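I opened my notebook for a first look at this structure.

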Amino acid sequence: MISSKAQEYRDELVKKLCEAMENGTAPWQKTWTDGDAPFNAVSGRAYRGINAVNLALQSQALGHSEDGRWLTFDQAKEKGWHVKQGEKGTHVEFYKFDEKPKFDEFGAPVLDADGKQEVEKSVVVRNYVVFHASQIEGITPYEPKARNPIEANEKAERILKESGAEIRHGGNEAFYNLTDDYIQVPEKSQFKTQADYYATALHELGHWTGHSNRLNRPASSNVKSETYAKEELVAEISSMFVSAETGISQTKEHFENHAAYVDYWVKAVKEDPNALFKAVNQAQKASEEILKYERVREREQNQEQTLSTEQKPVITKKMIQDLKLIDGNPEIFENPRTDGQQFKGKILHVDEEKNFCVQLVGKNSLYALKLENLERTPEVGENLKISFDDKGEKAKISVQKERQHGLKR
């Protein structure tokens with residue numbers, strides 16, 4: 001179920017994307033290693049599906065495609081930041097899944113074969129507004145993530161191997177054979193770089209996910225058919241999502257080879273605006289299929305990090321409360337989010353044995369920060385700005401000058 005207002009936003013987005021496709025500037029028609037994919041600057045969560053496409057397009061329009069940070073008005077306010085005067089937000093979609101008990105025309109419950117009441121499932125599409133980091137006053141300056149091409153190539157190699165896809169090498173063309181279910185790519189030595197090889201192989205892997213034994217997308221071997229063109233659109237957008245996560249960007253030749261399908265895509269989307277949303281949804285599923293083993297690996301690594309963290313002395317709110325560092329009832333953050341964050345204020349407590357210090361931020365907020373993540377051990381009474389890197393693993397420290405009150409004479 002979609003409201004008329006939500007449909008209006010969708011129609012506007014479709015119009016913009018059609019114009020971008022015709023101009024060769026759609027998000028999937030550009031490289032994705034020059035900056036960050038759209039993510040929430042407070043929660044750290046990446047935007048998915050049509051929201052990722054929409055925000056990437058809007059980042060380009062704002063002239064800041066390298067910076068993927070977005071947040072709501074309230075999130076900015078909570079951080080002490082402000083939306084710049086006159087700035088317009090961007091609408092993103094939120095899906096609310098609802099279940100209601102089913103009743104027949106006489107008001108009696110409708111039961112299934114097991115005697116349980118059936119439920120009617122529905123999806124409600126709602127919109128909320130977010131702002132790009134460039135529209136926010138006071139937010140931490142953007143620092144691009146360091147890219148490691150060797151790690152990106154290693155990740156791509158793992159993805160290809162763990163997919164289970166049959167990949168044949170040889171010839172001068174790259175394609176996915178739907179009938180016999182295999183991927184054909186030239187030898188690695190025929191590509192300008194290893195990254196070019198992996199970009200090509202991963203794109204064909206996107207097509208591979210559509211097989212009837214996997215995601216079962218409509219397919220055709222006729223390169224002039226509309227079905228074939230739509231599948232190319234799905235693979236293009238899927239490549240965008242995979243590229244953003246792996247750091248492997250599509251090649252220049254890839255963009256040139258697929259420019260021929262633009263007319264088909266624009267025509268299909270103009271005739272049926274929902275075709276774009278369907279393609280993005282299918283592309284998201286395709287990228288999830290491609291990256292599923294990497295996701296498992298990331299979860300396991302996070303669990304290992306959590307376990308290793310739990311073995312260290314735990315800082316609790318009560319521990320900080322018992323110190324009675326300030327009067328009243330301060331807000332205490334014993335495990336604050338640190339990635340890309342800055343903390344300004346006086347150091348009130350340092351405990352080298354338990355490996356933490358407590359900083360007063362604002363008038364009533366106490367933040368516990370691990371000493372191992374700071375470039376030096378601060379001293380009690382120092383007024384500091386502590387700036388963490390994007391991973392929240394290392395922080396730079398600079399001394400803040402005390403503000404002078406009163407009139408100058």
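Strands here are DSSP runs of E, at least two residues long, numbered from the N terminus, and two of them pair if DSSP finds at least two bridges between them. I then looked up Phe333 and found its bridge partner in β13 to be Tyr367.

A note on the source: this is a predicted model, where local features need pLDDT of at least 70, side-chain atom pairs count only at pLDDT 80 or more, and totals for chains, interfaces and linings use all residues. Residues are numbered from 1 along each chain as its sequence is written, and side-chain values use heavy atoms, with hydrogens and water left out.

Next I traced the whole sheet, which is open, has six strands in the order β10-β13-β12-β11-β14-β15, and shows mixed pairing. The edges are β10 (331–333) and β15 (395–399); each has a single partner strand, so one side of each is left without a neighbour in the sheet. From one strand to the next, the twist averages 35 degrees (angles run from 0 to 180 degrees between N-to-C directions of axes fitted to C-alpha atoms).

I checked confidence too: pLDDT (the predictor's confidence in each residue, from 0 to 100) has a mean of 86 for the protein, and 92% of residues reach 70 or more.

Definitions and conventions
Helix = DSSP H or I, 4+ residues; strand = E, 2+ residues; numbered from the N terminus.
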